[in-house]
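Hi,

Here is the structure I promised to pass on. Please have a look at it first, and then read my notes below.

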Amino acid sequence: MGYRDCWNTVSKHFPAQTRGTKLFLLRLLKSPQEFRDHIRHTFAATIMDVTYGIKVKEKNDSYVETVETSLEGIVAAGVPGAFLVDFMPILKYVPGWMPGAGFKRKAAYWRDANYKTREKPWRFVESQHSQGIAPDSMAAAFFDGLPPIGDEQREIEEAYARDTAAQAFVAGADTILSSFQAFFLAMALYPEAQRKAQAELDSVVGNNRLPEFADRNSLPYECYCEGSNEVAQCYPTSHSPYDYERRRTRWLFYSEMIDSLWQHMIYDQPSEFRPERFLKDGEIDPSVPGAEVASFGFGRRICPVSSVLSVFTISPAKDEYGNTIPIHPGATSGLVSYPAHFDCEIKPRSAAAEKLIRDSQELI
C-alpha cells in the first residue's frame with residue numbers, strides 16, 4: 001500500500017480525531033493544571049474510537065484502565081535488570097507463593113491485563129458486527145474482510161486481526177503521551193518559537209476557526225514545533241533505562257552516544273529547540289538531513305497541536321508572588337521516557353479564543 005493509500009485510509013478517521021481535539025481544548029480551558037491527564041485521556045479516547053468505535057467515559061473507563069495496566073507491565077518488564085529473574089533465569093521455576101517470587105504474581109496480573117486488552121474490545125465489536133450495528137472502525141473493517149465462519153482460515157486471520165487492533169493502542173499510547181508532554185515543555189521553554197508558530201497559524205487559519213487537517217501543508221513551521229523531529233531530538237521518548245556501565249545495557253549507551261555525535265556533526269546546537277533549522281524561505285529544506293523524516297508521523301497530530309497553539313499560550317508557571325518558577329528540563333528513565341515533572345500556565349490567547357473553544361463544542 002502506497003503512502004497516498006495509507007493517508008486516504010487515515011483520513012476516514014479525521015472526524016474522530018477532530019472531535020477528540022475539541023473536547024481536549026475544553027478540558028484544558030476548565031482545568032489547565034491537569035493537562036497531563038487530559039493528554040492521556042484524549043489520545044486513549046481517540047485511539048479507542050478509531051480502532052474499535054468505542055466511546056470511552058470521561059473518568060474511570062474500564063477499557064482505558066485495562067490498557068494502562070497492560071502498558072504498565074510492558075514498561076516495567078522492558079527495563080533490563082528490573083527483576084531478579086533477569087539475572088537468575090532459574091527463578092522462573094520458583095512457585096509464585098514463595099518469598100521473593102513477587103515477579104511471578106506481577107507477571108500473572110499483567111498477563112491477565114494483556115488478555116483483556118486484546119479480547120474485551122474485540123468481542124464488543126464482534127457482537128455489534130454480528131448485529132449489523134458496528135460503527136466504522138479499524139476492527140469493524142477487519143471483520144468485514146475475514147473469511148466466513150467455518151472457513152479453516154477464519155481462526156488464524158481473526159487472531160492476526162485481533163492482535164493488530166490491540167497493538168494500535170498499546171504501541172502508540174505511551175510514546176504519543178511522552179512526545180505531547182514534551183511539546184508543552186518546549187513551548188514553555190521557548191516562547192519565541194511558540195510566537196512564530198502562532199503567527200503562522202494566525203496568517204493561515206485566522207481567528208474565527210480552529211485549524212483543520214487541510215491546513216497542514218501551509219503550516220511548515222508549526223509542524224516542526226509539534227511531535228516531529230525537533231521535539232523527538234530535544235526530548236526523546238526513550239533513554240537507556242539503567243546505569244550505562246551495566247553490561248546488559250551498554251549497547252544502549254553506545255547507540256545514544258552515536259546518535260548524539262551524529263546530531264552534533266549535522267546540526268548547529270542540536271539540543272536547542274529550533275524548528276527553523278529544517279526550513280528555508282518558509283518551506284521545508286530538503287538539503288537538511290532529516291527534514292523530510294518527521295518522527296512519529298508528520299502531520300498526524302497537527303489537529304490537536306495546532307489547535308492548542310491557535311487558542312492557548314503556554315508559559316512557565318508562577319508562584320504566589322508572581323515570580324516565574326524555573327523549569328529544569330529532565331527526563332524519566334525506563335522503556336518509555338517522559339519529561340521530568342514541570343509546571344506551566346496554559347491560558348486562552350484572548351476572549352475570542354475562549355469563545356471559539358466553547359462554541360466549537362456545539363459542532364461535535
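In which helix is the place of T51? T51 sits in helix α3. Before I go on, two words on the basis: this is a predicted model, so local features need pLDDT of at least 70 and side-chain atom pairs count only at pLDDT 80 or more, while totals for chains, interfaces and linings use all residues. Residues are numbered from 1 along each chain as its sequence is written, and side-chain values use heavy atoms, with hydrogens and water left out.

The overall picture

The protein has 13 helices and 4 strands, taken as DSSP runs (H or I, at least four residues, for helices; E, at least two, for strands) and numbered from the N terminus. Of its 364 residues, 46% are buried, where buried means under 20% relative accessible area, exposed over 50% and partly exposed in between (1.4 Å probe, protein chains only). Among contacts (heavy atoms within 4.5 Å) with a separation of 6 or more, 69% are between residues 24 or more positions apart.

Back to T51

T51 is buried, with a relative accessible area of 3%. Its side chain reaches the backbone oxygen of I47 at 2.7 Å. Leaving aside residues up to four places away in sequence, T51 touches S137, M138, A139, A165 and A168. T51 and P121 lie 70 residues apart in sequence, and their C-alpha atoms are 9.3 Å apart in space.

A cavity

P121 also turns up in the lining of the second largest cavity, together with M48, Y52, S62, Y63, T66, V67, K116, T117, K120, A166 and F169. Helices α3 (35-52), α4 (62-77), α5 (102-131) and α7 (154-189) are the elements that each give two or more residues to this lining. By type, the lining residues divide into 7 nonpolar, 3 polar and 2 charged; here Ala, Val, Leu, Ile, Met, Phe, Trp, Tyr, Cys and Pro count as nonpolar, Asp, Glu, Lys and Arg as charged, and the others, Gly among them, as polar. The volume of this cavity is about 60 Å³, and the structure holds 2 cavities of 30 Å³ or more. A cavity is a set of points on a 1 Å grid over the protein atoms alone where a 1.4 Å probe fits but cannot get out, and lining residues have an atom within 4 Å of a point. Grid points are joined across faces, edges and corners, and the volume is the space filled by probe spheres set on the points.

Salt bridges

Side chains of opposite charge can pair when their charged atoms come close. With a salt bridge taken as a side-chain nitrogen of Lys or Arg within 4 Å of a carboxyl oxygen of Asp or Glu, the count comes to 18.

- E58 pairs with R27, the closest N and O atoms being 2.7 Å apart. This pair links distant parts of the chain, 31 residues apart: E58 is in the loop between α3 and α4, and R27 is in helix α2 (residues 14-30). R27 counts as buried, at 13% relative accessibility.
- E119 pairs with R162, with closest N and O atoms 3.1 Å apart. Here helix α5 is joined to helix α7 across 43 residues. E119 is buried at 11%, and R162 is buried at 14%.
- R195 pairs with E192 at 3.0 Å between the closest N and O atoms. They are separated by about one helical turn because they are 3 residues apart in helix α8 (residues 191-204). R195 is partly exposed at 47%, as is E192 at 42%.

E119 and R162 also belong to a network of salt bridges that includes R118, R123, E126, R154, E158 and D163.

Best wishes

Conventions:
On a 1 Å grid over the protein atoms alone, a cavity is a set of points where a 1.4 Å probe fits but cannot get out, and a pocket is an open set with protein on both sides within 12 Å along at least five of seven lines; lining residues have an atom within 4 Å of a point. A polar contact is a pair of N or O atoms within 3.5 Å; within protein, one must be able to donate a hydrogen and the other to accept it, and residues adjacent in sequence count only if both atoms are side-chain atoms.
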